[in-house]
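Subject: Structure for you to look at

Hello,

Here is the structure I said I would pass on. Please open it and keep it beside you while you read the notes below.

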Amino acid sequence: MDQAQFIGEHLLPGKLGHFFAITAFVTALFSAISYWRSAQTEATDARSSRTWLLFGRNSFVIHSAAIAGIFIALFYIISNHLFEYHYAWRHSDLSLSPKYLLSCFWEGQEGSFLLWCIWHCVLGLIVMFTAKGLESRTMAIISLVQVALASMLVGLYFGPEFKVGSTPFILLRDQMQDAPIFQQPNYLSMIKDGNGLNVLLQNYWMVIHPPVLFLGFSATLIPFAYTIAALWKGDYQQWLKPTIIWSLFAGASLGTGIMMGGAWAYESLTFGGYWAWDPVENASLVPWLILIAALHTLIVFKATGRSLIITLILMILMYLFIWYSTFLTRTGVLGDTSVHAFTGEGKSIYWHLLLIIGVLVVLSAGFLIRRWKSLPRVKTEEAINTREFWIFIGSFILLLSAIQIIITTSIPVWSPLAKAITGKDVAPPADVVQHYNSIQVWVAIIICLLSATVLYMRFKTTDNKVLFKRLGITAAIALVLSLIIGFAQKISTPQYAILLFSCVYTIVAMIYYAITVQKVKLKKLGASTAHLGFGLTILGILLSSYNKEVMSINTLGMYMDFGLKTKNENIRESIENVLLYKNVPVVMGEYTATFLGDSTSDTDPRVFFKVQYTRQDTVTKEVKESFVLYPNAFANPKGQEAGSMSANPSSKHYLTRDIFTYVTKAYDPKKKVEDTSQFKSHTVKEGDTIYINKGYMIFEGLDGDVKDPRYIPQNGDVAVTAKLKVYDLKGVVDSLRPVYYIRDNYAYQVTDTFSEQHLMARLENIVPEKQSVEIKVKQSDPDDDYIVLKALIFPYINVLWLGIIVMVFGFFISMWNRITKKEKEPKKNFNGEYTFTK
Amino acid sequence: MKRTHIVLLVLVAAAVCIIVSMFGDFSTYETFASAAKEPGKQYHVIGYLEKDKALDYDPVKDPNHFSFYVKDKAGNVSKVVFNGAKPTDIEKSEQIVMTGYMEEGHFRCNKIQMKCPSKYKNDQVVIGNAS
């Protein structure tokens, strides 16, 4: 191909981009080595250490600039629709609206890694200026991880089988070398448009969810880097403050990112909820849980000097699981078990990621083992009535919960091994949600009870009398409240009733604590706010999923006998989808749903189905409420998926509940052939009946009085209309007056229509000798227009969203408090003894 | 031994029990024939759509009943009944993973996962939970 010249290609941005990628890789490597040298020479040769430090800083700044360069080059390619580049061709098209241009970045794997890199650079620069004595070591770790990420983007090929990373700047003709079109110099003129962005990503949640989630992913690197730096230096004082702050930041951003994913799923996916225990969701939840555990033990260590070892281990595990989750989601190893669409990049990324994880494991374990003997330990035992004891228990339970989730999620990873040993081909549980819920509900109960109780305790010593008095009051209020909620919401399953009490207990306790103990000083309220948010989140999850109600139960009386034991089981088994004919109201719970039709536009590939919901008073029939929902379906216009439909839900939000609907099956109005039905001829006499769908017409005779505006009388015309009365099952609904006239010896007809029933009638002919007329009737089958709809009610889902917001707010209050708090000078020689701090 | 260590041991023991017990929850990949040995028990079956045979979905009659034929990895063909709307594009699927159980000569499934050939190599669609 080297001899061929191609017309119209823009090769410069790609070459620049690739150059930036290589630069980014090299400078990250150089930065890591410089910082490492700086750390190593720190004690022996201060001047050389300083020089290396400056080298490291400059390299990292150049590295950041190069990463920015990659981003700009790729953005230029996508926004200018340079389809000679595979990335632009595959992830965008001409019709893509500008607000989704950035979404193209995270549809592809290279773009996601790039986004991750960008956040690392931003955070790394902040660390560079704030880390002080730990800078060289922390930045060495950050740069090392940047080497790993940049290596994902270099795209160096060593022979046809072996490549390192994949560059986003590969040309379409290089990616698809075998296609004959690329033999032609003017191939570009034949590529009119790109493949387009996955329709599911064309959603506002998908514009903000990936950047926030990747910010969370990136933020977890910082506490990890500080932890390794602390081990490296053997100093466990200096790292405390920045690590707590960065852990809070990571917890807030990763938590927000995860739940934004939930909100996206709720708004635009049809799995009917915000959380499905999908492997991809689990993969980011697990590091978050471990991070939260680590944050708590870290605070214990700061206050009491205990729990250092578990903190170090948790921090390391947390970051390893970040990479493990990348491994799970990027290599396609999850295979059959996940909803999410993956780009399986084949074997190269599989080994690439395993290598990175391997390096991280060796590095962390190496430092930990080297320092193991010298780690400060507190010899005495902690008392049972102290914060440190119970926080330790709580953190350990979070870790166990994470382990349970990761074992089930990793089934596809370890099942080949299990097959080799036991011969069984292990699959995920048949009911995944039930599986996780039945175990994790107990974790939630314990964590709720602990988080409320622990805050009433103090580090090192607690006054039992005060403690029990406060606990007693809280428990009493919580019991009353949860009984009220429990009865109102009919929560009867024992474990969920206990969960209800636990989360109400947390909520009550946090409010009580904030008011009576902390006297509502906002700066101090971080912990209680975050835990209040956690309690609300759990309450929201409980209420919205326990009483989640399928509204679209098929009430038409059509259900199949599935051979189950009871009739109820048979009914419930499947009839969650309801068939709605156009304009035929169907009762759904307290609502009446009517499918009114569809609307399409040429610029939007979506088809919106208009469904009207009305709620009437059962006695007076007075309409109390009426609204229209527009669940839509996407007809993919391009590529091999062309013509397939994917549905997006539409919801009606109330303060106390959501009505959530989506179309599970629909006709494609753009494909529907207009007027497939034919006119049918009826010869009738006066008073005769013509049967139509859902009713009949009576021919009441002819009338010489023609008032149809479409008929303009002329001299010499003979004109009559046929009087047709249309009846449905209840009575007269309309009358039709088709016109027949003779002008210049020719017969003409004006058809009259009754649009509600798709009815067209034409007075075709008059047969005076038989005293009859020929009336042609056409009625397009309204049964063509139907949708199959699923509707769910999520009660109190707003409690969940509120809980998340409150929790994240709590994280930020804590961060603010920690950043602004004046720290006492760290002791030079740590001897395992701490003065009491509150 | 410290008190913390005792509590840790207890927790670890409890966790081990829970994890061992959750192995009972895990399903296995089976064929129609092996799933038929225990009718009513939930399994995963991987197979391929028999495109020559009828796909029966008539929303007018019942919007929650879709039946089709699948050839499993052992090469046996069985009728499959799905209690839900017909998944879009099932005709184009390369491979189907079904969760369900055997019953009176057919496989009743409540979850279908499909692999479709598309611009992504491993694009997957899940059509979930009828029950």
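A residue is called buried if 20 or more other C-beta atoms lie within 10 Å of its own, exposed if 12 or fewer do, and partly exposed in between, with C-beta atoms placed from the backbone. Helices (H or I, at least four residues) are DSSP runs, numbered from the N terminus.

This is a predicted model, in which local features need pLDDT of at least 70, side-chain atom pairs count only at pLDDT 80 or more, and totals for chains, interfaces and linings use all residues. Residues are numbered from 1 along each chain as its sequence is written, while chains are lettered from A and ligands numbered from 1 in the order in which they are written.

Helix α9(A)

Twelve of the 13 residues of α9(A) are buried, so this helix is largely enclosed by the rest of the structure. Among the buried ones are A:Leu221, A:Phe224, A:Tyr226 and A:Trp232. Just after α9(A), A:Gly234 has a positive phi of about 75 degrees.

Two lysines in loops

Most residues other than glycine have a negative phi. A:Lys132 has a positive one, about 50 degrees. A:Lys132 sits in the loop between α5 (109-130) and α6 (135-154) of chain A, and counts as exposed because it has 9 C-beta neighbours inside 10 Å.

A:Lys460 also has a positive phi, near 70 degrees. Its loop lies between α16 (432-456) and α17 (464-489) of chain A. With 16 other C-beta atoms within 10 Å, A:Lys460 is partly exposed.

Regards
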